[in-house]
Amino acid sequence: MGATTTLVTVQEFLQWPEVEGQHIELIHGEVISMASGHIPHEVVKKNLNKILVLWLAQNSQAELFAESMYHVDEHNALIPDLSVLFPGRIAPGSTGWIPGAPELAIEVVSSEPAARLEDKIELYLSHGSRSVWVVHPKKRIVRVFDVSGGAKRFERDQQLADPNVLPGFSISTAAIFDGV
């Protein structure tokens with residue numbers, strides 16, 4: 001006889017006690033514990049954070065968030081490494097997790113299985129994200145997936161741009177991997 005899996009809803013997941021330092025997501029009703037990022041992961045995340053904070057401060061009213069939980073539907077609550085939200089998405093005095101998906105979700109690849117990463121890309125895009133960046137520190141490439149189903153690959157000194165979310169933004173892909 002096969003084992004049965006009990007699916008957890010986001011409402012049930014909200015009741016779980018938070019353990020400091022532990023990152024857990026809910027993907028298709030399954031609670032997933034996320035490993036801590038190693039040095040290349042953290043250096044890339046730091047580089048992207050610096051690049052995007054500076055650019056957003058000068059060019060957009062959008063905000064950058066780090067490791068924030070998004071309640072995308074009844075069985076999915078995701079934590080991208082970084083995310084960009086447009087103004088008005090979070091009402092003053094709001095509590096709990098951010099509803100929906102961010103306009104831009106950024107996932108820095110470390111040890112996550114490819115199938116789970118594919119699930120997350122699809123979940124972000126089907127729940128409101130305009131773009132998903134998947135950043136591969138080991139390969140030094142960035143793949144940008146958009147809501148139309150397109151995907152672009154950026155590597156070496158190519159200029160990464162994402163007009164779907166950040167019109168006018170452009171950065172050398174090499175800058176993202178500086179120090180890795």
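This is a predicted model: local features need pLDDT of at least 70, side-chain atom pairs count only at pLDDT 80 or more; totals for chains, interfaces and linings use all residues.
Histidine 41 is found in helix H2, and with a relative accessibility of 7% it counts as buried, because the cut-off for burial is under 20%. The side chain of histidine 41 is also joined to that of glutamate 42 by a polar contact of 3.0 Å.

Helix H2 comprises the 21 residues 39–59, which at 1.5 Å a residue should span 30 Å; the end C-alpha atoms are 30 Å apart, in agreement with this expectation. Besides His41, the buried residues of H2 are Val43, Val44, Lys45, Asn47, Leu48, Ile51, Leu52, Trp55 and Leu56. The elements against which the buried residues of the helix pack are strands S3 (63–66), S6 (82–85), S8 (104–108), S9 (131–136) and S13 (166–172), together with helix H4 (173–176).

A search of the whole structure finds 2 aromatic pairs. Tryptophan 55 and phenylalanine 169 form an edge-to-face pair, with a centre-to-centre distance of 5.4 Å and an angle of 85° between the planes. This pair links distant parts of the chain, since tryptophan 55 lies in helix H2 and phenylalanine 169 in strand S13, 114 residues apart. Tryptophan 55 and phenylalanine 169 are both buried, and together with Trp133 they form one aromatic cluster.

Definitions and conventions:
Residues are numbered from 1 along each chain as its sequence is written. Side-chain values use heavy atoms; hydrogens and water are left out. Helices (H or I, at least four residues) and strands (E, at least two) are DSSP runs, numbered from the N terminus. The expected span of a helix is 1.5 Å times one less than its number of residues. Buried means under 20% relative accessible area, exposed over 50%, partly exposed in between (1.4 Å probe, protein chains only). Contact means heavy atoms within 4.5 Å. Rings of Phe, Tyr and Trp (its six-membered ring) pair if their centres lie within 6.5 Å; planes under 30 degrees apart count as stacked, over 60 as edge-to-face and the rest as tilted. A polar contact is a pair of N or O atoms within 3.5 Å; within protein, one must be able to donate a hydrogen and the other to accept it, and residues adjacent in sequence count only if both atoms are side-chain atoms.
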